[in-house]
Amino acid sequence: MIAAFFERLNDTQGLNFSIFYDAFDRSRFLTGLWTTTYICIVSILASLAIGLLGVWVAGSGSRLGRLLVRIYVQFFRNTPPLVQLSFFYFAVGGLLPTVSDGFGGQSPLVSGTGWAIIAFSLFAGAFNVEIFRAGIEAVPETMVEAAESLGYTRFQLWRQIVLPLAFRICLPALNNNLVNLVKTTTLAYAIGVPELLYAASQIWSEMFNVREMMNVLLVTYVLLVAVLVWVMHRWEKAMRIPGYMP
Amino acid sequence: MKTGTTDLSVLKPFRVTPIPPSGLAAPVLLSAGLIASIVVTFAASLAVAQAIGPAARDGAMAILWRWAPLIFQGFLFNLLISFLSMALGTAVGVLFGIGQVSPSAALRRPAWAATQFFRNAPWLVLLFYAMFLLPFEIRLGPVTIAFPAWIKAIIGLALPVAANVSEIVRGGIRSIPSGQWESAESLAFTRRQTMWMIILPQAFKRMIPPWMNLYAILTMATTLISVVGIQDGLTVTRAALVAESRPELMLPMYLLLLLMFFAYCYPIARLTIALERRFNVKG
């Protein structure tokens with residue numbers, strides 16, 4: 001039904017939405033969509049872990065740790081993500097040894113998708129460190145003191161008191177950053193990772209439907225972001241503590 | 001009353017106790033350590049490249065010295081693009097931002113929708129959009145306006161900038177307490193007068209830090225134009241690496257470009273934070 005409609009649209013109006021009726025183009029597009037989603041999910045989780053680790057080390061009182069986290073955060077925040085990605089993929093990736101792929105050939109140790117995930121996680125993680133820090137600083141001092149006086153260790157204090165409160169405070173900023181991360185995944189196109197933009201560009205260079213694919217692409221990304229924003233809002237609502245306004 | 005001449009403690013000028021530094025908030029010492037360690041990393045990568053390179057050919061230092069001016073020129077082109085996109089994006093964005101707070105829904109809704117759409121679309125996709133879908137020239141009667149690739153790139157980068165500026169302007173205007181609007185109304189200011197003479201001058205100050213932040217983001221995003229085939233700093237760096245075909249040079253070469261951007265964007269970020277504190281936008 002849908003396929004027939006878009007085929008007719010192509011014949012009568014010249015609007016070639018090939019992904020809706022051509023099985024090959026559709027599978028390419030969906031594979032691209034899946035790769036993008038996969039990169040997004042893994043990078044989001046990894047960047048959250050990096051953010052947590054970063055604030056933990058920065059707050060641990062060691063001067064060296066603080067300096068290292070600070071260098072990491074400032075460096076990744078103030079340099080272009082595309083150059084970071086090129087740096088990792090070409091420069092660092094070129095230095096790593098290759099491994100045998102089992103078919104007699106040699107393949108790089110970390111694939112393009114792998115480097116994309118590493119670069120985006122580090123990029124978004126640098127922002128997450130700052131976001132978590134702001135959230136943790138917003139937790140009232142008295143709460144921490146009360147917990148300390150009850151004999152909480154630093155780990156317990158973080159896990160049970162500070163983080164649950166700080167997380168709720170910094171959710172809006174985190175939301176923004178994760179949306180930004182989803183938008184940044186398009187850069188993987190530059191190192192040839194077959195994600196959504198790459199798949200779309202392959203389709204439009206073969207089917208000569210740049211205009212149609214471009215619009216499909218734009219709408220797909222806006223939808224992807226909308227899904228993320230919706231999930232985060234649901235989460236924010238579910239985690240709300242009644243009566244506690246940060 | 002002079003406060004310096006009395007012993008009464010009540011009349012002494014009070015001193016605000018400074019907020020104790022927490023983890024990352026920046027003492028000058030850390031800033032110096034930060035810059036020093038980044039420079040050391042770069043020097044180390046250069047030294048390693050110098051050491052492991054073939055002895056018969058030019059050393060890493062000589063090659064880097066030869067290419068650095070060209071890479072720097074490419075970087076300057078990035079900056080030029082960033083200035084022009086920022087100017088265009090700001091001009092359009094301010095109009096949209098004011099449209100977003102307009103009392104007329106016919107103006108407010110489209111401005112809001114356009115802002116949200118362009119804010120949530122990836123920069124690279126918008127850049128592709130502008131590169132492929134804008135015509136290479138426009139005929140207006142006898143006049144033909146040519147659109148070379150770099151002008152299209154400026155427009156493509158200006159789209160998300162405009163959307164973000166629109167949000168900044170809306171946020172700035174919204175942050176002015178409604179009492180200002182009401183008192184202006186009671187003094188018989190028209191809406192236009194209130195906007196231009198009362199609200200915008202106050203909101204302007206609060207818009208500067210996020211605007212500068214956006215500028216830093218844009219500057220970093222200008223490297224995207226290398227993906228659509230315009231010669232910028234990243235393209236030159238890659239070309240240099242291909243021309244020399246020396247794998248050990250990749251690390252210092254890319255680090256050099258990263259350092260150029262860092263040297264430009266880091267001061268902007270520091271200044272933004274300083275202004276934020278001064279204007280008391282956050283907290």
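**Exercise 1.** State which residue takes a positive phi in the hairpin of strand 1 of chain B and strand 2 of chain B, and describe the pairing.

*Solution.* In this hairpin, which has two residues between the strands, B:Gly141 takes a positive phi near 60°. Strands (E, at least two residues) and helices (H or I, at least four) are DSSP runs, numbered from the N terminus. Next, the pairing: strand 1 (residues 137-140) and strand 2 (residues 143-146) of chain B are antiparallel and share four bridges; two strands pair if DSSP finds at least two bridges between them. Within this pair, B:Glu137 is opposite B:Ala146 of strand 2 of chain B.

The model is predicted: local features need pLDDT of at least 70 and side-chain atom pairs count only at pLDDT 80 or more, while totals for chains, interfaces and linings use all residues. Residues are numbered from 1 along each chain as its sequence is written, and chains are lettered from A and ligands numbered from 1 in the order in which they are written.

**Exercise 2.** Describe the elements and the overall dimensions of chain A.

*Solution.* Start with the elements: chain A has ten helices and two strands, in the order α-α-α-α-α-β-β-α-α-α-α-α. Its radius of gyration is 22 Å, well over the 18 Å of the globule rule for 246 residues, so chain A is more spread out than a compact globule. The radius is taken over C-alpha atoms, and the rule is 2.2 Å times the number of residues to the power 0.38. The C-alpha trace of chain A spans about 75 × 50 × 35 Å along its principal axes. Of the 246 residues, 40% are buried. Buried means that 20 or more other C-beta atoms lie within 10 Å of the residue's own, exposed means 12 or fewer, and partly exposed is in between, with C-beta atoms placed from the backbone.

**Exercise 3.** Is A:Val229 buried, partly exposed or exposed, and what does it contact?

*Solution.* First, the location: A:Val229 belongs to helix 10 (residues 210-239) of chain A. It has 16 other C-beta atoms within 10 Å and is partly exposed. Leaving aside neighbours within four places in sequence, its contacts are A:Asn175 and A:Val179; contact means C-beta atoms, placed from the backbone, within 7 Å. A:Val179 is 50 residues away along the chain, yet the two C-alpha atoms are separated by 7.4 Å.

**Exercise 4.** Find how helix 6 of chain B and helix 7 of chain B cross.

*Solution.* The axes of helix 6 (residues 178-186) and helix 7 (residues 191-221) of chain B come within 11 Å and cross at roughly 135°. Helix 6 of chain B is therefore oblique to helix 7 of chain B; angles under 35 degrees count as roughly parallel, over 145 as roughly antiparallel, 65 to 115 as roughly perpendicular and the rest as oblique. Helix 6 of chain B contributes B:Gln180, B:Trp181 and B:Ala184 to the contact, and helix 7 of chain B contributes B:Thr194, B:Ile198 and B:Ile199.

**Exercise 5.** How many residues of chain B touch chain A, and which helix supplies the largest share?

*Solution.* Count the contacts: 35 residues of chain B meet 39 residues of chain A. Helix 1 (28-52), helix 3 (105-120), helix 4 (123-133) and helix 9 (250-279) of chain B each supply at least two residues of that side. Helix 9 of chain B gives the largest share, ten residues. As for helix 4 of chain B, nine of its eleven residues are buried, so it is largely enclosed by the rest of the structure. Those buried residues, including B:Trp123 and B:Phe128, pack against helix 8 (154-184), helix 9 (196-207) and helix 10 of chain A, together with helix 3, helix 5 (149-174) and helix 7 of chain B.

Notes: Axes are lines fitted to C-alpha atoms, for helices over the stretch in contact, and angles run from 0 to 180 degrees between N-to-C directions. Two residues are in contact if their C-beta atoms, placed from the backbone, lie within 7 Å.
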